[in-house]
Amino acid sequence: MQAELTTGIQETTIQIDGKTISLATGRLAKQASGACEVRCGDTMVLVTCVESKNVREGIDYFPLLVDYEEKLYAVGRVPGSFTRRESKPTDKAILTSRLIDRPIRPLFQEGYRQDVMIHAICLSADQENPPDTLAMLGASMAIGIAGLPFNGPIGAVRVARVNGKLVANPTFEQIEESDIDLVVAGTESSIMMVEAGMKLIPEKDVLAAIDYAHQNIKHQVETQKQFLEQLGIKKKEFVAPAANEELKAIIAEHATQKLKASMHCITDKATRQALVDEAEAAVVETIAALPEDHQLRQVSSSQLSEYLELHEATLMRSQVLDTGVRADGRKCDEIRPITVQVGVVPRVHGTGLFTRGTTQVLSLATLGTSGDAQRLDSIDPQKERRYMHHYNFPGFSVGEVKPNRGPGRREIGHGALAERAIMPVLPTAEEFPYVMRVVSEVLESNGSTSMASTCGSSLALADAGVPLKHTVGGIAMGLILEEDRFAILSDIQGLEDFLGDMDFKVTGSRDGITALQMDIKIEGISLEIMRVALEQARRGRMHIIDKMEAVLPAPRTQLSRWAPRIITLQIHPEDIGTVIGPGGKMIRRIIEETGATIDIEDSGIVLIGSVDSVGGEAARDWISRLVKRIEAGGIYSGRVTRIIPMGAFVELLPGKEGMVHISQLENRRVEKVEDSVAIGQQVVVKVKEIDERGRVNLTMKGVSAEERAAAEGQNPPA
């Protein structure tokens, strides 16, 4: 039976920096249009591609759907949810879906309109080799096996730099040690996508890492081509619908002036839309005057909109390449007017309001204790996050009616990019033992909201008193590319993003880059174009940081009055049980009576958080007394807890008692213990000795007035 199951399996391997990646097909998911198993070490991903049987009519876009799934069986764990099964995709799964989608979407042939779904499942994760780039590679292979009209294959490589050496497809441990975490996808001749987090890396080093990734990508692409040829795959013939030249001519004649005028109103959305509507109406009126049997009378509204958009793109792109002047009158490297404010919202711990042209983002920072860290239930080694950035994009930011149904893939992607941009400049947990969360509310949108969120986050954290190592700014770059002519655009607006060829986001400080994200709509760009874009982005970033630091030159030296104060206390790990108490009784009592929050790490570090400093100090004193060791010769103020005929027991420290023998109660003979002390009475005692069995013998004799006063000033809580 096993032999039958394995019949027809075809496999090839790729060597990347000493690691073997295997590609196999013919065993799993054979009813899909194409399926590929990708494996590196014990990390294994199944990627399938399915093409619908019918063409979607009346749409002007390519209906591609990409889903990546993580199942906890991949690491031998049962989900921690109430239902004990995975529910909605994790943020990491959504980000991986986007990683797969972004480089393959532009490579499907123009005009192709059949539904295509790429479905990737991580079947096994060894927590050593990341599965995301394997899924990207598998998607390219599955599309190739399906024979779709795809101008691939693509390769996908992660690059790290460990001890100054570039490493392709590093392990999680190597990524942790690295100052670069770069994912690049591309064809044999061009770069399609870049996604990176970096620790203040200069532009020349970034380009070197991208070039290194591309050399490995070329090897992946060549291996895939050979494998597809070995499989005998024939690509399906696809002929894009012929352009309607007559419709293009009518649009050029009757809509050009209105469309040009609309582009000059790029910052006034209502006026711009009115002019676009007038342009469309003029074309519709011209078509309506044609004879009833004329073929243009059958043009759909979606097709008309598509041709108007194409003509608008031609006008905008020609203006930039021919004159160097953009639709809103800016030069290619000019940035829109910037306004910066901090401390805008009361009660929150920190705020940053960043406005660039007609894009406006309000970022709000909240500080919490270590117990507020996000616990992660995923297949990756990372188990929690102490810094979180959440990005919200409501409909009113673009003047639209849109219900709020929670964050979509775009919101999660933009939030993750801004989060990654800030992480390299955050203080360590030892330097600043707070959990940090920033929420960026997009209030107006006209391009580059993720970069405005990055700037707003840096401002909000600094306003909250977080000791950031550097100010971080971000800028979105665009590209107009026609044959051998190109123009790089700084700080792109919505129209330039929509009609241009590239969206290249760069974040960083004055010292270097912290994050990159590049997406393109064409079949790749060269390293030279990237070099020009990075240098122009660097100049723009310096300008933006100047504006930010003119308002807030450095993080505030004091926390917001509304932020919790965290007191750090080190206790011996053996004393953790003492602080917690039986069934958590002691720690609950401290929390209830002081109002503080208490988090205890396995190492014995205790983090006490309290907005009211009095409560935090009270909790610290309580815990200090709980873990304090009783020393021979020490003088303590304690409470009498029990009386027996031979003496009295005194609680010296919470939960720790000693006994005063009847002969040690006073300097005279005492007949009955009750004649000298009573239960509940506060007394000052001296530790006479601690015997070999750990019993504490006390005396009330020989305590001076000064020692008594000092001890009484340190009474433990009742």
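The crossing of α10 and α11 is right-handed, a word used when the near helix is turned clockwise from the far one by less than a right angle. This is a predicted model, in which local features need pLDDT of at least 70 and side-chain atom pairs count only at pLDDT 80 or more, while totals for chains, interfaces and linings use all residues. Residues are numbered from 1 along each chain as its sequence is written, and side-chain values use heavy atoms, with hydrogens and water left out.

**The helix pair**

- Helix α10 (residues 409–422) and helix α11 (residues 449–463) have axes that come within 9 Å and cross at roughly 45 degrees, where axes are lines fitted to C-alpha atoms, for helices over the stretch in contact, and angles run from 0 to 180 degrees between N-to-C directions.
- Helices (H or I, at least four residues) and strands (E, at least two) are DSSP runs, numbered from the N terminus.

**The sheet**

- An open sheet of mixed pairing is formed by five strands in the order β11-β12-β13-β17-β16, and two strands pair if DSSP finds at least two bridges between them.
- Because β11 (338–342) and β16 (387–392) stand at the edges, each with a single partner strand, one side of each is left without a neighbour in the sheet.
- From one strand to the next, the twist averages 15 degrees.
- Strands β12 (residues 350–356) and β13 (residues 359–368) run antiparallel and are joined by seven bridges, and Arg356 stands opposite Thr359 in β13.
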